[in-house]
Amino acid sequence: MAPPGKEDTNDERIPFMQRLLDNPFLLLFLGVAMPAILYLIWGIMEIIQIPVAR
Amino acid sequence: MATASDFRTCPTTGLKVHSAAENLIKANAVVAVVFLAIGGLFGLLAALTRWQAVHILPADWFYLALTAHGLDALLVWIIFFEMAVLYFASAILLNSRLAAPKVGWAAFWLMLIGALVVNVAVLQGGSSVMFTSYVPMKAAPHFYLGLIVFAVGALLGCGVFFGTLVIAKEEKTYQGSIPLVTFGAVTAAVIAVFTIASGAIILIPTFLWSIGWISNIDTLMYKLVWWAMGHSSQQINVSAHVAVWYAIAALVLGAKPISEKISRVAFLFYILFLQLASAHHLLAEPGLSSEWKIFNTSYAMYLAVLGSMIHGMTVPGSIEAAQRAKGYTKGIFEWLRKAPWGNPAFSGMFMSLVMFGFIGGISGVVLGTEQINVMMHNTLYVPGHFHGTVVAGTTLAFMAITYLVVPLIFRRHIMFPGLAKIQPYLFGIGVLGLSVFMMGAGTLGVSRRHWDISFADAALSFDYPPAAFLMMTLNGISGILAALGGLAYIVVVVASVLFGKRVEGKIELGSGAGAAVAKYGSAGTLKIPGTAVLVAVFFTCFVLYYFVNWKYLSELWPMK
């Protein structure tokens with residue numbers, strides 16, 4: 001039983017990092033988006049800007 | 001929907017085991033070991049061919065063997081075993097039923113059919129394009145098709161894993177956060193999804209090109225997207241084998257991570273940054289800017305390396321904490337001296353940890369630095385590096401956990417315990433030699449994937465220094481040692497699964513092993529002086545080797 005004056009802590013706000021780490025689908029989004037943008041899309045943009053040889 | 005009769009309770013760990021998950025773990029693990037045997041045989045042939053005095057295969061067979069070795073050992077064995085790890089880390093560790101077992105079996109059969117088709121394509125001789133299959137080299141269409149089918153199967157397996165996480169949460173089979181080993185498996189599965197998607201983006205058009213529906217594939221574009229699959233597939237391995245390290249430490253010694261939060265953040269660094277390291281394969285490409293290269297390697301990759309260094313401290317730290325709690329407190333290293341070195345699960349895991357850090361990790365940072373990469377780019381140093389990560393790191397860790405999977409999941413006692421005891425040492429020393437001597441030869445300029453370093457019938461001759469030939473000889477001898485270690489593993493595992501005495505009741509594991517591996521929680525101590533000394537030794541080696549390479553670079557391009 002909770003001590004007097006203390007409410008049940010179930011509704012305590014869960015820290016942001018814990019919410020992030022407990023959400024596998026958010027992690028999936030981040031784990032796909034980061035390399036897709038920084039490695040793939042950025043790399044593809046650079047390659048398509050190479051002038052075509054004449 | 002699973003019923004109570006679909007579950008058994010493991011008498012050793014107390015975990016509920018869903019029979020559908022257990023059967024899929026068995027099937028994936030068995031097929032993995034078969035492909036390890038095939039891939040290992042081709043690897044031995046490749047090593048003996050590059051040993052100039054033996055030079056066992058003619059050129060066409062050498063490139064065929066190298067292709068088969070890369071595909072079977074680097075992809076098929078490891079991804080099949082990782083599927084077993086994903087099902088174990090989800091359904092078993094979370095006390096849950098497996099989501100959609102039929103989809104799990106569809107995944108298994110697709111992967112198996114894909115792997116067989118690729119192997120047939122390679123053995124037919126028209127697809128000796130090696131693991132990277134760089135265009136414009138063209139393989140037979142069923143080579144690419146087999147890879148695509150295999151990848152679709154692996155993606156379905158990842159779907160089953162994520163589905164099981166949802167079910168476990170919905171049905172409240174665990175409380176609070178998922179355990180660390182499962183979190184490591186989440187990391188591996190996330191990276192696997194990116195890897196497989198990248199594979200689809202590049203392999204589907206390449207397949208269409210191979211059947212003539214597309215006229216041209218840009219070579220640089222191919223390399224860029226292919227490495228998002230090729231290198232990221234190795235990052236799945238890193239995440240999975242780190243999870244396996246934590247699992248073995250928990251199961252053998254009852255070790256809990258020093259800090260769950262810190263270890264989970266280290267896995268988060270993998271999720272965010274590890275896949276960007278693919279760029280180090282493109283550091284010598286003129287079509288990509290220095291900004292792209294340096295951001296993806298020398299900045300982002302270092303954050304992933306930081307993740308590995310955290311694991312490199314917390315895994316031995318958790319072992320030290322568990323050992324000290326048992327009373328091994330004399331001096332700095334009694335905990336390590338009195339560790340169960342005769343248990344192949346522990347010895348294999350610890351050697352995997354040390355070699356991954358010292359060999360694969362340090363050489364990976366060197367290769368990921370644009371300026372010093374140029375000295376070793378596309379030399380034999382590169383296979384030396386990844387034999388330190390994927391073979392010494394992943395394969396040895398997977399071999400180690402097999403010694404727990406056989407009694408816990410197959411419920412068979414390990415046969416030939418004497419052979420099992422020396423197997424990790426035999427394989428580990430062999431792989432250590434392979435990595436170090438290939439890196440040595442690469443430093444002397446020996447190119448990778450070359451059939452004949454004497455250039456006997458070349459129009460323009462070139463002589464490598466005699467030390468390079470010595471390195472290749474030592475590499476061949478190390479290959480034989482590693483092959484013997486691999487053979488010992490296969491003999492022990494196959495004999496145990498087929499003829500091992502049935503396990504009745506409990507097997508001997510660390511105290512509190514079930515809770516340590518399947519519950520969120522930390523060791524809650526930082527009294528780990530031995531680990532601090534090991535980490536200091538690691539950093540000293542790291543800094544010395546890193547700056548020695550800059551010294552080499554200054555000699556290559558003298559500033560006057």
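Here are some notes on one threonine and on the aromatic rings in this predicted model.

1. Some ground rules. Residues count from 1 along each chain as written, chains are lettered from A and ligands numbered from 1 in written order, and side-chain values use heavy atoms, without hydrogens or water. As the model is predicted, local features need pLDDT of at least 70 and side-chain atom pairs 80 or more, while totals for chains, interfaces and linings use all residues.

2. Start with T314(B), which you'll find in helix α9 of chain B, residues 290-325 (helices are DSSP runs of H or I, at least four residues, numbered from the N terminus). T314(B) has 7% relative accessibility, so it counts as buried (under 20% relative accessible area, 1.4 Å probe, protein chains only).

3. What does T314(B) touch, leaving out residues up to four places away in sequence? Y246(B), I258(B) and S263(B), with contact meaning heavy atoms within 4.5 Å.

4. Now the rings. Over all chains there are 34 aromatic pairs (Phe, Tyr or Trp six-membered ring centres within 6.5 Å; planes under 30 degrees apart are stacked, over 60 edge-to-face, the rest tilted). W226(B) and W227(B) have ring centres 4.7 Å apart and planes at 90 degrees, so they pair edge-to-face. Both W226(B) and W227(B) are buried. F455(B) and Y464(B) are tilted, because their planes sit at 35 degrees, with centres 5.9 Å apart. Y464(B) is buried too, at 12%.

5. Have a look as well at the aromatic cluster formed by F35(B), F80(B), W105(B), F108(B), W109(B) and F150(B).

Conventions: Helix = DSSP H or I, 4+ residues; strand = E, 2+ residues; numbered from the N terminus. Buried < 20%, exposed > 50% of the residue type's maximum accessible area, 1.4 Å probe, protein only.
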